[in-house]
Amino acid sequence: MKNEKELRDAEVMAETNILRASIEKFLNWGRVHSFWPTSFGLACCAIEMASTGGARYCLARFGYEVFQASPRQADLMIVAGTLTRKMAPVARRIYDQMPEPKWAIAMGNCACSGGPFADSYAVVPGADSIIPIDVYIPGCPPRPESLIFGMLQLKQKIQNPAKARLIKYGK
Amino acid sequence: MVSDSLRARVGELAARVNGEVEESLGVLELTVNHSDAIEALNGAKNLVDVPCDFLHDLCGMDLEDHLEVVYQLSSLRGAQRLRIIARVERDNPVIDSATRFWKGADFLEREAFDMFGIQFKGHPNLKRIYMWDDFEGYPMRKDYVIESHEQRAIMRVRKEGE
């Protein structure tokens, strides 16, 4: 009954060219189709990241091709490579400089968990101890398809915030 | 291949600096004590006919009972190569700097200092090159204990001008 009434109301609104929807939903729809990643390449993963942006894999198909040199114009940080302890404060600073809303992807084994260097004196065992990470992409380095898949997973996560929360807390 | 003239010249040099000569992997190795290292390097740089006057690498080594500094020498004026190994005490790792002969030894010695804690006397700017300044310990030494996983996950505070 209630649903019918809503539809009737919507019809009346549509006649007067007014569309009512959740603004957050609309903004998220915009955001997921135009991530502006900041290019934070730390090691060999950056080569795969660059190749993802190139003509063969063409990240631009999804609208994500604007790799920004400045974190102030970006909303996604791809931590691509080994995060050393000397670099960690710099990484955090760059993340802090990004405007909200912002997300972070850990690309490659090193950024996920330290990878082969997990026991090294100089390496942070996982970028998630410095930066809150949304999507982890394993691989050494991950292929461009993996990075694209990871970014599409992030798209799903942002489009369905309630669902992502449920998966996170296992309900 | 080690030429006869190089072998003869290095033999003379070894007698002068109380060193031992060995051949390893086709390269002559001259092992000396740290007090004679600078004399040996000077001699090797000015060997007659076969000068080994180009320092193409310098690194530290840890042999548990003592440390070593390894100088890899070659030349732009011939095919001769020479490796000079200087033994350094573990408790008091001090050796004279090679920067007086080769300006390029600057960063290489800083690396050896960073990783092994070898003090190079007469070095113009002896401080850490890879690790940050307040890092404790010398990570390439055999007895270095790596900090725990939890400790390494803590973000250190960056200093301005680092």
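Tutor: Happy to! Keep in mind that this is a predicted model. The part to look at is the open sheet of chain B, where five strands lie in the order 1-2-5-4-3 with mixed pairing. Begin at the edges, which are strand 1 (20–24) and strand 3 (54–62) of chain B, each pairing on one side only. As you go from one strand to the next, the twist averages 25 degrees.

Now find strand 4 (residues 67–74) and strand 5 (residues 82–88) of chain B, which run antiparallel and are joined by seven bridges. For one pair to look at, take Leu73(B), whose bridge partner in strand 5 of chain B is Leu82(B).

Next come the helices on the sheet. Helix 1 (residues 4–16) of chain B packs on it and touches strand 1, strand 2 (27–33) and strand 5 of chain B. The direction of helix 1 of chain B makes about 5 degrees with that of strand 2 of chain B. Helix 3 (residues 105–116) of chain B also packs on the sheet, but its contacts there are with strand 3 and strand 4 of chain B. Its direction makes about 5 degrees with that of strand 3 of chain B.

Let's stay with helix 3 of chain B for a moment. Its 12 residues, at 1.5 Å a residue, should span 16 Å, and because its end C-alpha atoms are 16 Å apart, the two values agree. The buried residues of this helix are Ala105(B), Leu108(B), Glu109(B), Ala112(B), Phe113(B), Asp114(B), Met115(B) and Phe116(B). Their cover includes strand 3, strand 4 and strand 7 (119–121) of chain B. Just after the helix you reach Gly117(B), which takes a positive phi of about 75 degrees.

Helix 2 (residues 37–45) of chain B is worth a look too. Here Ala37(B), Ile38(B), Ala40(B), Leu41(B), Gly43(B) and Ala44(B) are buried. Among the elements that cover them are helix 1, strand 2, strand 4, strand 5 and strand 6 (94–96) of chain B.

Finally, step back to see what lies beside chain B. In all, 11 of its residues are in contact with 12 residues of chain A. On the chain B side, the touching residues divide into six nonpolar, one polar and four charged.

Chain A itself has seven helices and four strands, which follow one another from the N terminus as α-α-β-α-β-α-β-α-β-α-α. Its C-alpha trace spans about 65 × 40 × 30 Å along the principal axes, and 31% of its 171 residues count as buried. Look there for helix 2 (residues 23–32) and helix 6 (residues 144–159) of chain A, which pack at an angle of about 175 degrees with their axes 9 Å apart. Because of that angle, helix 2 of chain A is roughly antiparallel to helix 6 of chain A. Asn28(A), Arg31(A) and Val32(A) of helix 2 of chain A make the contact with Lys155(A), Ile158(A) and Gln159(A) of helix 6 of chain A. These contact residues divide into two nonpolar, two polar and two charged.

Note on methods. Residues numbered from 1 in each chain as written. Chains lettered and ligands numbered in written order. Predicted model: local features only at pLDDT ≥ 70, side-chain atom pairs only at ≥ 80, totals over all residues. Helix = DSSP H or I, 4+ residues; strand = E, 2+ residues; numbered from the N terminus. Buried ≥ 20, exposed ≤ 12 C-beta atoms within 10 Å, placed from the backbone. Axes fitted to C-alpha atoms, helices over the stretch in contact; angles between N-to-C directions. Parallel < 35°, antiparallel > 145°, perpendicular 65-115°, else oblique. Contact = placed C-beta atoms within 7 Å. Nonpolar A, V, L, I, M, F, W, Y, C, P; charged D, E, K, R; others polar. Pairing = 2+ DSSP bridges. Expected span 1.5 Å × (residues − 1).
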